[in-house]
Amino acid sequence: MTRKTGLVFFPAYDYAISPTHPEREERLLYTQDQVLEEGLFDFDNIREFKPGIATPEDICRVHFCVPDLDTVAHASHLIAAGGCLTAADKVMSGEVDNAFALVRPPGHHSFRVVHGSRGFCTLNIEAVMVEYIRHKYGVRRIAIVDTDCHHGDGSQDIFWHDPDVLFISLHQDGRTLYPGSGFVDELGGPNAFGATINLPLPPGTGEQGFLYVLDDIVMPIVEAWKPDLVVNSAGQDNHYSDPITQMAFTAHGYAELNRRLAPDICVLEGGYSIQTALPYVNTGIILAMAGLDIAHVREPDYDAFDHRQPGEITDYLRRLKEAVFEQWHARSTLKRRFYPDGEFHTRSKDIFYDTDGLREHQRETVRICPDCGGTIVTDSRCDDTGNRILGITIPFHACDACRHHGEHQYEAAPSGRNLHVILQDKDRDRYLVRT
Ligand SMILES: [Zn+2]
Ligand SMILES: [Zn+2]
């Protein structure tokens, strides 16, 4: 059955980290040519929309930008995020059945606090979109399935304490690839335990392995969780030709994964094989979303014989499935072991901004709460810039006790030079900076 599919294309032809960087101007050039050559816009059910621009309010619903938004972000970041918001509006208004934001620069390595860029990302465009949808349309439960080759550590960080966002990341094993996280025992904070799922895959995993993980692990968890909306962070760097990763996924596999997952909104993340992979993977995803035939999606150099799955990968994935479900079924017992009783839980993070060469030290304290996601207090400083913030996040659907705690923390916080005290109140959609 065909579906109405919206495409939001923003190639950011004037933005790059550096001229030779993998995330550079021409990343979507061949994709744009391929989409036109294949005549995808000739189908009545595929429509293109121009991206909007995300506002500071949209960004501040997710991030603490330090020292401020203008210092850390470029106009392209706001349009990449804005393209996702346009995709969301078109789906939420019913103008299309689903939509694909084919935008750059990407976002899934950006954490709640942003001192600079890491992993080619500055603003977490999916997270900005998810919070926009929850704020504007009142959607409660959203699942993000991140199929980029790198662990979506930024999205994980932002939704770690959120019981209404299921975050599932499939990625090349963190022992072998940036950012080095995303192991099966990373399951979420005390108020959202089990709403984070990590599926590290061995280098060399291809179509057979990805579809097995999708069918046998991802889909049963998504179905049990019953989201109102499914978002796919559609990174394409699992492709066998990608220059910075070691996976063996195919364009047809990506299309088939999309067909089976049937996300409401796809957001492009990574993917750096700009000539050999991106044009074919993107075409496959668009065809799958629109409910068109994907049987002929093939890279010109694809050879099925080279892509047989080694036995050790099959064995590993079977063990991964067992491990994930053992934890999933025992999650209430495990939660008590991870988070013994108490009023607060604190975690310390040292975050390295590889793109900008900055180091951040962070202490994040969440109020343990059975009634909501819990107020979060984030104390963050960057030694390289001297900037420090104390950010207080009141969650969506905050209970009275968490609201009271958050407002009190904001009012009672100490003052100091270079210290910005910020209240990010998601429930009342306000962002206050105390000077
Ligand atoms: Zn990636
Ligand atoms: Zn609460």
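**Exercise 1. Name the residues that D157 touches, leaving out residues up to four places away in sequence, and describe the setting of D157.**

Solution. Step 1: with those sequence neighbours not counted, D157 touches F111, R112, R347, K349 and E364; contact here means heavy atoms within 4.5 Å.

Step 2: the conventions need stating. The model is predicted, so local features need pLDDT of at least 70 and side-chain atom pairs count only at pLDDT 80 or more, while totals for chains, interfaces and linings use all residues. Residues are numbered from 1 along each chain as its sequence is written, chains are lettered from A and ligands numbered from 1 in the order in which they are written, and side-chain values use heavy atoms, with hydrogens and water left out.

Step 3: D157 is found in helix α6. Helices (H or I, at least four residues) and strands (E, at least two) are DSSP runs, numbered from the N terminus.

Step 4: D157 has a relative accessible area of 4% and is therefore buried. Buried means under 20% relative accessible area, exposed over 50%, and partly exposed in between (1.4 Å probe, protein chains only).

Step 5: the side chains of D157 and K349 make a polar contact at 2.4 Å. A polar contact is a pair of N or O atoms within 3.5 Å; within protein, one must be able to donate a hydrogen and the other to accept it, and residues adjacent in sequence count only if both atoms are side-chain atoms.

**Exercise 2. Describe the largest pocket and its lining.**

Solution. Step 1: the volume of the largest pocket is about 340 Å³. On a 1 Å grid over the protein atoms alone, a pocket is an open set of points with protein on both sides within 12 Å along at least five of seven lines, and a cavity is a set of points where a 1.4 Å probe fits but cannot get out; lining residues have an atom within 4 Å of a point. Grid points are joined across faces, edges and corners, and a volume is the space filled by probe spheres set on the points.

Step 2: the lining has 19 residues, and F111, Q156, S181, R347 and K349 lie nearest the centre.

Step 3: α6 and β11 (344–353) each supply at least two lining residues; β11 gives the most, with seven.

**Exercise 3. Which atoms coordinate the zinc ion (ligand 1), and is its site tetrahedral or irregular?**

Solution. Step 1: the zinc ion (ligand 1) is coordinated by D148 (OD), D148 (OD), H150 (ND1) and D237 (OD), at 2.0 to 2.8 Å. Donors are N, O and S atoms within 2.8 Å of the metal (3.2 Å for Na, K and Ca); water is not among the atoms, so sites may look incomplete.

Step 2: the angles among the four donor atoms run from 52 to 153°, and the site is irregular. Four donors count as tetrahedral if all angles lie between 85 and 135 degrees; four count as square planar and six as octahedral if opposite donors are over 155 degrees apart and all others between 65 and 115; anything else is irregular.

Step 3: the donor residues have the spacing D-x1-H-x86-D in sequence. D148 lies in the loop between β6 (142–146) and α6 (153–159), and D237 in the loop between β9 and α8, so the pair ties together parts that are 89 residues apart in sequence.

Step 4: D148 is buried at 1% relative accessible area, and D237 is buried at 0%.

Step 5: T245 lies in the loop between β9 (229–234) and α8 (251–261). A polar atom of the T245 side chain lies 2.6 Å from the backbone oxygen of D237.

**Exercise 4. Which atoms coordinate the zinc ion (ligand 2), and how are they arranged?**

Solution. Step 1: C369 (SG), C372 (SG), C399 (SG) and C402 (SG) coordinate the zinc ion (ligand 2), at 2.2 to 2.3 Å.

Step 2: the four donor atoms subtend angles of 98 to 118°, so the arrangement is tetrahedral.

Step 3: along the chain the donors follow C-x2-C-x26-C-x2-C. C369 lies in the loop between β12 (358–367) and β13 (376–382) and C402 in helix α12 (residues 400–412), so the pair ties together parts that are 33 residues apart in sequence.

Step 4: C369 and C402 are both buried.

Step 5: P395, in the loop between β14 (388–394) and α12, touches residues including C372 and G373, with residues up to four places away in sequence not counted.
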